[in-house]
Amino acid sequence: MENSNKRYWKGIEELTNDPSFVKNIHNEFGNMPSENDSKGDSLVDGTGTHRRDFLKVLGFGVAAVSLAACEAPVKNTIPYLNKPEDVEPTIANWYASTFTDGGEYASVLVKTREGRPIKIEGNKLSPVSKGALSARAQASVLSLYDNEKLKGPQAGGKATDWVQLDKEFVAKLSAIAAKGGQIRIVSNTILSPTTKKVIAEFTAKYPTTQHVVYDANSAYGLSVAHGGIIPSIDFSKAKTIVSLGADFLGTWVAPTEFAGQWAETRRVGSGKDGKKEMSRHYQFETILSNTGANADYRSAYKPSQEGLVAVALYNAVAKLTGAATVAGTSVKIDHLEAAAKDLVKSKGASIVVSGSNDPQVQKIVAATNALVGAYGATINTGVAVNYRQGNDMAMSNFINEVSAGKVSAVIFYNANPVYNHPMGAKLGAALAKVELTLSTNDRADETGSLCQYNAPDSHYLESWNDAEPKTGFYSLVQPTISTIFKTRQAQDSFLTWAGNTTDYATYLERNWESTILKSGSLAWKTALHDGVFGGNATVSSASPAVNTAEAAAAISKAYSNGSDLELAVYEKVGLGTGSQANNPWLQEFPEPVSKACWDNYASISQPTATKLNLKQGDVVKVSANGTEVSLPVLVQPGQANDTVAISIGYGRAKAGKSANGVGVNAYPFITEVNGACVGACTKGVSVTSTGEEKAIAQTQTHNTVMARQAVVQETVLGEFVKNPMSGRFVPEVLTSEGKKKATDLSLWNGHDYNNHAWGMVIDLNTCTGCSACVVSCNAENNIAVVGRQEVINRREMHWMRIDRYYSSDAEVEDLKGLEVASDNPEVVFQPMLCQHCNNAPCETVCPVLATTHSSEGLNQMTYNRCIGTRYCANNCPYKVRRFNWFRYFQTDEYDFNFNNDLGRMVINPDVTVRSRGVMEKCSMCVQRIQEGKLAAKKEKRRPIDGEIEIACAQSCPTNAITFGDMNDPKSAISVLLAEEREGRAYGVIEEINVKPNISYLMKVRNKEAKKHSEA
Amino acid sequence: MSHVVSPIREHLVTGGKSYSDVTHDICKQVEGEPTKEWKIAFAISCVIFAYGAYCLFYTWWQGIGVWGLNKTVGWAWDITNFVWWVGIGHAGTLISAVLLLFRQKWRTSINRSAEAMTIFAVLCAASFILAHMGRPWLAHWALPLPNAFGSLWVNFNSPLVWDVFAISTYLSVSLLFWYMGLVPDLATIRDRATTKGRKFWYGLFSLGWTGSAKTWARYEYMSLILAGISTPLVLSVHTIVSMDFATSVIPGWHTTIFPPYFVAGAIFSGFAMVQTLLLITRVVFKLEDYITIEHIEMMNIVVTVTGSVVGIAYLTEFFIAWYSGVEYESYAFINRATGPYWWAYWMMMTCNVISPQLFWFKSIRTNLMVSFFLSIVVNVGMWFERFVIIVTSLHRDYLPSSWAMFSPTMYDIGDYIFSFGLFFTLFFLFAKFLPVVNMAEVKSVMKGVSSNFPKKVAKKSKSEE
């Protein structure tokens, strides 16, 4: 072998005797990584892995894997494999739409995040609702995520599919139509012209169909008096407003719209050029309504006197204007003569409204309005409003027909008459006689559960639709989420049943293009973008022809100065007619006047309570009109003596877990007077104590302000005109250098705000107490619903609350007497929220710096840092801090929207959901401020005033809340404060010198100055 | 420490005890089998402790919503109990430190149990600090500890942080003082021990005490130094606790009189509590010769003096509320006396101001049953004092819209019961396993061996001059 010529080589390196090969020839394992290798960071430079590195990586890997295993349960999220074109994570999309519920209307903007609608705001482009939203419209987004709605079509209570339902239903319907059987569609007011067209198509297919429209809280009388329409009303032009039981700021016809108009007449300014006049508002009513609470003069009457008061007012006005008076029973009521005088004095700028549903009373009121020149000025018959189209006569006819077995098929189109019609029980019993019944209601409610078929309609946020709130004013509804359950728009159902295969979206667009827009698709897109279209109001001064003598005669027959106990049925500002009763935000909504939630109750005045030997919380049996209910007593100052009042909207049996069994159903108490449903029983009312007690959940239990001028400041117009500081209480302290304003002395150095200084001004003169802001705040800030018992425990979580104070007749020194409200008190509403103090008492006491001051004047709460000592809440002079006593989310004791996956879809991802044991409070919507600042920064500019809107200010129907940057001299808030600083602006309890960033503008009442018992 | 005892003074220890009698009397409780009375009492306190522990556990598990607090009244029984227990804890330090510095020799036979009581009371108070938090598992955030959040400190402006320092200092110093005083006695037990276990444990805790003159000298220095440190604490702890209220803006809390008023109240309630416990101990452990009527009387006099100071403070508050002309302040006080919680106010006034005045009569202050009863009455009154300050101030403050009532739930009560269970369980353990009277110091005040000794020394030193 040695001499062999053959030479074997292992590689080219050996062959060429490469120096590196020669060097390593004895290194059997080649270039092994070594511990001493200078390139120790081989993990980084990729030259190979060393043993130690390997161990390090292994160790880290094992540790990481085992640590990961210790983490909280994994929640799967689904990534956008194909990102939807319009959805940017964390960026909200806004869509214009329209909230309608029966006759309620509001043009809205829907905020959606990652495809979920989470907040409803007012659409300022709307000439009708002008950006105002009611509490119910605010809360409607939560009703979208109501887990107790029907999840799909049902036949005989069992789930089916739409094809099957359509097949069966159309077959049966056709059979009925073929043999001439009567078909009825029952609905509440329908604002949508296109829906009406769809129903017309349906009717054309099944010619025996009649459409019966009724309203739970009917305004039929008003419509009858005006020849079948409800005229437009504009309070903003009124100098004298007289309301006979119309709660137009709270519940009557279109309260948010009216509140905005009313507020225009109540806005005053302290500056030299500031407005120094106000409307004068008289209210005559039975209960102390939200509107009555805002009136300048208010007197109470019993329901049996309602007609008499209307006639007496007519006569008083007629006497002054020289018109013929009518015969009428005299009635003794304060301020009526004064009201008549003012009405006549401001002729052409006066208005009388009546909440009565009796057509005869409305006729007399219309005649009075004609005398004071309201038509063409404050009332416009040229533009009809469509909010209440219900016909009480037609509805009672329908129920009688069903009872008589004359109806073969009924479709309940989003109507629940078994619950919300006075003859509901009769209808419910008679439905079995109907051959074919179907309901499109969103749940198997009192009516739906009695129907053979359920074809659940989609929520308005899942639907296409339109609305015509007033003649010539249109708006559009567009879906903001695809249907959550297997629901189908009722319009699509009707079209299918009518044999029209067009889907409703297309149908709507075509209808708009052909009848409303009358131009190309660009106009459609613009209308869809804006949400609203049209709105040129024609003004007509035509007044309805009224035979006053005849009306007065009818009134004389029906009304008298009764001395019996009487019952009044009214609607609550929060829950309304009860259609959204399963909405926990609305259930926990404190009623503006009574501050009660989670219940209805028998409210009676203090003298009546004394007479009947009752006190608050006593459970009484109220019987009238063949109905008997048991409910607790609430003592309500200002209510007419010898009356008991119960609200509708409660006592739902089949609405869902939040609503069922809460309160009692008061609809059966509604009686028929002169052919219309009137919410009163004047005869045979009895109230007897059951001996039991039941606490009423109230968010405020002390009713008077205890003559604390530093809290609520008010004056009367006459004084205000002379001196804008007239009613102001300016605390002064005696020092060695003489008297000084309490706010001029401080231990603190103050803060420098070099950038922004956020602040808020709240006008007590225009705040009506409607509390829409409370629900708006709930929605924006993920505020937990805590339920009835926790409200009784005084633990509601609302960041924004409306304090309501009654006046007292007692002298300032009489501290016990001051606790008792007057029998007919003056009322003041004061929105109360974190005052964002500059010398914040909460900030100094927190041991862990969980609440601190921002460089922009906000008092901010760091939830993660909070250990829950509650010292801050104790030390808060305004008591606006809220503590999480329990874990309110995902806890079965608090089985509301935070306790199910669907309900939690409404959570605003920009706001932390607070855990148990931490404090929370108003953040002045810091997430919105931040969003606005970032948007401006991206465009390299300063935020423009008005660009950043906080939830409460946005929702306020009367714009009573002004938010903005006090460092910007041109901002609305700075301008307002500059005018009011030496006028109405004050800080609540200024003398403790916490220097709040929220100012209040003193309330001015348009009353004659009198010796104030309440200083 | 030398001391001068007037020959006409009553003996502090009666019954002609010898040094060995003292050792025997005190040690027999530790060395003997537990008595039947002790077993029963201990069993009862364990049951109370267990029930209380359940309530406390439930509170922590569910959240403090199980209490009756609300958005207006954010503190009620929790902080009432906290302040009450801290107040009770004051007597121990006062007796051991201040009376030591003032050479009040009568303190020797009661200081041990008073100090033990202090420590247990402070522990009870601390349990309420933890319990009242929304998130007690993060309690350590109230300490200025280094953390991963950057320069995140506690809020040194907050009285609650001052509280943390005050209470923890107080607990540490009291514990040290108590333990140092125990060392010679533990050594005595160790030396007498007949079982291995006892020898080991008492040996361990007696820190190798030899009893040499040098150790005794160090012991004396140590006592003096600790007394010097503790004395300011007697004033500071309750001063700082009072600042939880005094530095706030709430009418009824925002009061500059609070520091002295709280300190007086603390001593008042502390002495009453010591009285209660001693009256039981002296009977149960037959220590009548060590804890004599004179002790009882002295204690009652302190109670009367401090009770009167507290009474003047109550009246001053009212005067200032009227004199200040501040609407809210005057309402807060009128509301205390005549509002919905009037009964709590008058309970406080009767128990704290009126009842101690009975001790002006010698027959009453030397009557054991009456003293025992009144000592409990005083602590009931002092509990109501804190309740009145906290709840009646909060429930009606500035804005009438937020005015609310507070009513306790079974967990408010249960957690309070817990603190009693804890206190008595610890106290009975202490009474069984540790000498309840400071043997070493008691021996130093006895006349037994040489009752003429002081006189002789006096003569001698005179003649030497």
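Which helices of chain B do the buried residues of helix 12 pack against? They pack against helix 10, helix 11 (327–338) and helix 14 (368–395) of chain B. The model is predicted.

Helix 12 of chain B covers residues 342–354. Its 13 residues reach 17 Å from first C-alpha to last, close to the 18 Å expected at 1.5 Å a residue. The buried residues of helix 12 of chain B are B:Tyr345, B:Met348, B:Met349, B:Cys351 and B:Asn352. Helix 10 of chain B is one of the packing partners of these residues.

Helix 10 of chain B runs over residues 293–324. Its end C-alpha atoms are 46 Å apart. The 32 residues should span 46 Å at 1.5 Å a residue, so the two values agree. Just after helix 10 of chain B comes B:Gly325, with a positive phi of about 75°.

## Helix 4 against helix 9 in chain B

Helix 4 (residues 90–101) of chain B packs on helix 9 of chain B at an angle of about 85°. The axes of this pair are 7 Å apart. An angle of 65 to 115 degrees counts as roughly perpendicular, so helix 4 and helix 9 of chain B are roughly perpendicular to each other.

From helix 4 of chain B, the contact uses B:His90, B:Ala91 and B:Leu94. Helix 9 of chain B meets them with B:Ala266, B:Ile267, B:Gly270, B:Phe271, B:Met273 and B:Val274. By class, the contact of these two helices has 7 nonpolar, 2 polar and no charged residues.

## The largest nonpolar core

The largest nonpolar core holds 429 residues. A:Leu313 and A:Leu567 touch the most other members. Helix 9 (residues 258–284) of chain B gives the most to this core, with 15 residues. In soluble globular proteins, nonpolar side chains tend to be buried together.

What does A:Leu313 contact, leaving aside its neighbours within four places in sequence? The list is A:Val242, A:Leu336, A:Ala339, A:Ala340, A:Val352 and A:Thr368.

## Where chain A meets chain B

In the contact between the chains, 45 residues of chain A touch 39 residues of chain B. On the side of chain A, the elements that give two or more residues are strand 35 (801–806), helix 27 (841–845), helix 28 (871–874) and strand 39 (882–883). The residues of that side divide into 24 nonpolar, 12 polar and 9 charged.

A:Asn414 has a phi near 50°, a positive value in a residue other than glycine. A:Asn414 lies in the loop between strand 14 (409–413) and helix 15 (417–420) of chain A. A:Asn414 has 20 other C-beta atoms within 10 Å, so it is buried. The cut-off for buried is 20 or more.

B:Leu207 has a phi near 55°, again positive in a residue other than glycine. B:Leu207 sits in the loop between helix 7 (196–205) and helix 8 (213–246) of chain B. Is B:Leu207 buried or partly exposed? B:Leu207 counts as partly exposed, because it has 13 C-beta neighbours inside 10 Å.

## Two loop residues of chain B

B:Pro144 lies in the loop between helix 5 (111–131) and helix 6 (159–192) of chain B. B:Pro144 is partly exposed, with 13 other C-beta atoms within 10 Å. Not counting residues up to four places away in sequence, B:Pro144 touches B:Trp153 and B:Val154. B:Asn155 is 11 residues from B:Pro144 along the chain, and their C-alpha atoms are separated by 8.9 Å.

B:Gly252 is in the loop between helix 8 and helix 9 of chain B. B:Gly252 counts as buried, with 26 C-beta neighbours inside 10 Å. Leaving aside neighbours within four places in sequence, B:Gly252 is in contact with B:Ala332, B:Phe333, B:Ile389, B:Thr392 and B:Ser393. From B:Gly252 to B:Phe420 there are 168 residues in sequence and 29 Å in space, C-alpha to C-alpha.

## A:Ser223

A:Ser223 is found in helix 8 (residues 220–225) of chain A. A:Ser223 counts as buried, because it has 24 C-beta neighbours inside 10 Å. Beyond its neighbours within four places in sequence, A:Ser223 is in contact with A:Gly228, A:Ile229, A:Ile230 and A:Arg388. A:Lys237 is 14 residues from A:Ser223 in sequence and 22 Å away in space, C-alpha to C-alpha.

Note on methods
Residues numbered from 1 in each chain as written. Chains lettered and ligands numbered in written order. Predicted model: local features only at pLDDT ≥ 70, side-chain atom pairs only at ≥ 80, totals over all residues. Helix = DSSP H or I, 4+ residues; strand = E, 2+ residues; numbered from the N terminus. Buried ≥ 20, exposed ≤ 12 C-beta atoms within 10 Å, placed from the backbone. Contact = placed C-beta atoms within 7 Å. Nonpolar A, V, L, I, M, F, W, Y, C, P; charged D, E, K, R; others polar. Core = buried A, V, L, I, M, F, W, Y, C linked by C-beta atoms within 7 Å. Expected span 1.5 Å × (residues − 1). Axes fitted to C-alpha atoms, helices over the stretch in contact; angles between N-to-C directions. Parallel < 35°, antiparallel > 145°, perpendicular 65-115°, else oblique.
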